[in-house]
Amino acid sequence: MNSPLLGAVVVETLAACGATDVVLAPGSRNAPLSLALHAADAAGRLRLHVRVDERVAAFTALGLAKASGRPVAVVTTSGTAVANLAPAAMEARAAGVPLLLVTADRPAEAVGTGANQTTDQVGVLGPSALGVLRLSAASGSVEAWTAAVQRAHVLAAGVRTRRPGPVQLNVEFPSPHVGPVPDVEVRVAEVSGSVGATVVELDERPTVVLVGDAGAAVGTEARAAAELAGAPLFAEPSSNARAGGNAVAGYRLLLESELGGRIERVVCFGHPTLSRPVTRLLSRPDVELVVVSDRADWFDVGSRASVVADRVLLTGQPEGWLAQWLAADEALPARGGPGLDRAAVVAGVLGSVAPGDNLFLGSSQTIRDADLAPIAPHPIRTWANRGLAGIDGTLATATGVALATGRPTTVLLGDLTLQHDLGALVHPAQEPAADLRVVVADDDGGAIFETLEQGAPAYAPAFERVFGTPQGLDLAAVGAALGWRATTVGTPEELEAALAARVQGRQLVVARIPRTGVTRS
């Protein structure tokens, strides 16, 4: 039984498989992995990130994996630490983000005995995990351990399945946990990918190209398809397609108009779930739905897909079809008013993001506000957690994106979203740093609920307590206490001044706005 040897094999195999980043939450049972990771980081074989909170660690790994496109491992100790991985694992499964959840464990014979920090953690992540692999220092060999770690890495990456996502690697470490980190040589197999290449040609009929949450490659492909065919482009903020002359800014406000009723086909890329008008469009029986997916599975929220393809060739559109949409979009009334409101904050933030930098949007009201913003003059590399559209771990995920890309990153979120991730404001001094500007649209509560059924007057007596939930917090003071350059703004001029400089270091801007001006989603 040699726990330090197993820890070294796990780490060296990850590096041999091409892993570049690992996030570690310190603990006792995972000490063999911790020491091996420290040695690998010192030798330059991979980059280690340490976070004291397992939930923050998991979402940081999610961001690193989302931005790099490579599996990123998050390493925890045993017991309740493992359960803190669940929110990030759920998001990774729904969004198709490759994540390797390395959970240290006691030997199997200790489970059920009441031993400290011991629970049945094999499969504790349930259906969120694509697979669960088990290793034990009490049995096996270097070759067997290496093969299992590579299999977990390949499964998380979706190399053979075209379905990336989270995989649990549960590793049993008997005592002693510490000792010199052994030098090990591992050999990994050459695993080729499974790539789809089917192209479906579509005939000419009134078509719109709809792009939900997507990476840059998919967003670019979707935008090109719309522009080549002359079709209107309906692009959500995190689609990475919301630019160019075909993009319709207020598309969701026009979907239930007479013009929207004339849509005969939707070509759908990415994961569109942002607004109810879009969901109703995707459920219409009179609309042909063509889903383009680069993976083995696909999104079909209305269960109406007629065609699912790897690629499509979209021909020309009826004369004047695009022009009608652009004219209708231009005729929509302007949003916002005098003073600092939701529209002003979104416009200010979008205008402040330099070409090539990142924008990360919270998944509640702020991304919906951005969905109605004017089309940006240049494409903005935009990210969001839209797999399950939760507000958990937003800042931690954005931090991972910033670390993976090495680019300054602006985060726009609401006050409740930031409160869900205050642990991510903590930055251990010895860890790699990122340039982050966090802008909080602080309306003191949950504005999105005012756009939903519970916002109706009949529920007004209960609304503030069980939906609006005003907290009255000074978030700038919280940020300052945790080492951020923090400021509070209340006018458009103050916001402009706060956003004027290049994103550098850690800056928190709290924009106080009224909880009004929300548009039904």
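Helices α1 and α2 cross in a right-handed manner, where right-handed means that the near helix is turned clockwise from the far one by less than a right angle, and left-handed anticlockwise. Elements here are DSSP runs numbered from the N terminus, with helices (H or I) of at least four residues and strands (E) of at least two. The contact brings together Ser 3, Pro 4, Gly 7, Ala 8, Val 10, Val 11 and Glu 12 of α1 with Pro 32, Leu 33, Ala 36, Leu 37 and Ala 40 of α2, a contact being heavy atoms within 4.5 Å. By class, these residues are 9 nonpolar, 2 polar and 1 charged; Ala, Val, Leu, Ile, Met, Phe, Trp, Tyr, Cys and Pro count as nonpolar, Asp, Glu, Lys and Arg as charged, and the others, Gly among them, as polar.

A word on the source: this is a predicted model, in which local features need pLDDT of at least 70 and side-chain atom pairs count only at pLDDT 80 or more, while totals for chains, interfaces and linings use all residues. Residues are numbered from 1 along each chain as its sequence is written, and side-chain values use heavy atoms, leaving out hydrogens and water.

Two packed helices are described by the angle between their axes and the distance between the axes. Axes are lines fitted to C-alpha atoms, for helices over the stretch in contact, and angles run from 0 to 180 degrees between N-to-C directions.

| Helix pair | Axis distance | Angle |
|---|---|---|
| α1 (3-16) and α2 (31-42) | within 8 Å | roughly 50 degrees |
| α3 (54-68) and α13 (394-405) | within 6 Å | roughly 45 degrees |
| α3 and α5 (86-95) | 8 Å | about 20 degrees |

The angle between α3 and α5 makes that pair roughly parallel. Angles under 35 degrees count as roughly parallel, over 145 as roughly antiparallel, 65 to 115 as roughly perpendicular and the rest as oblique. α1 and α2 are therefore oblique to each other, and α3 and α13 are oblique too.

The crossing of α3 and α13 is right-handed. Among the residues that meet there are Val 56, Phe 59 and Leu 62 of α3 and Gly 400, Val 401 and Leu 403 of α13. This contact divides into 9 nonpolar, 6 polar and 1 charged residues.

Of its 18 lining residues, Ala 249, Ala 334, Leu 372, Ala 373 and Pro 374 are the closest to the centre. On a 1 Å grid over the protein atoms alone, a pocket is an open set of points where a 1.4 Å probe fits, with protein on both sides within 12 Å along at least five of seven lines, and lining residues have an atom within 4 Å of a point. The lining comprises 14 nonpolar, 1 polar and 3 charged residues.

### Two backbone details

The peptide bond from Ser 175 to Pro 176 is cis, with omega near 0 degrees, and Pro 176 sits in the loop between β6 (166-172) and β7 (199-202). Asn 240, though not a glycine, has a positive phi of about 60 degrees.
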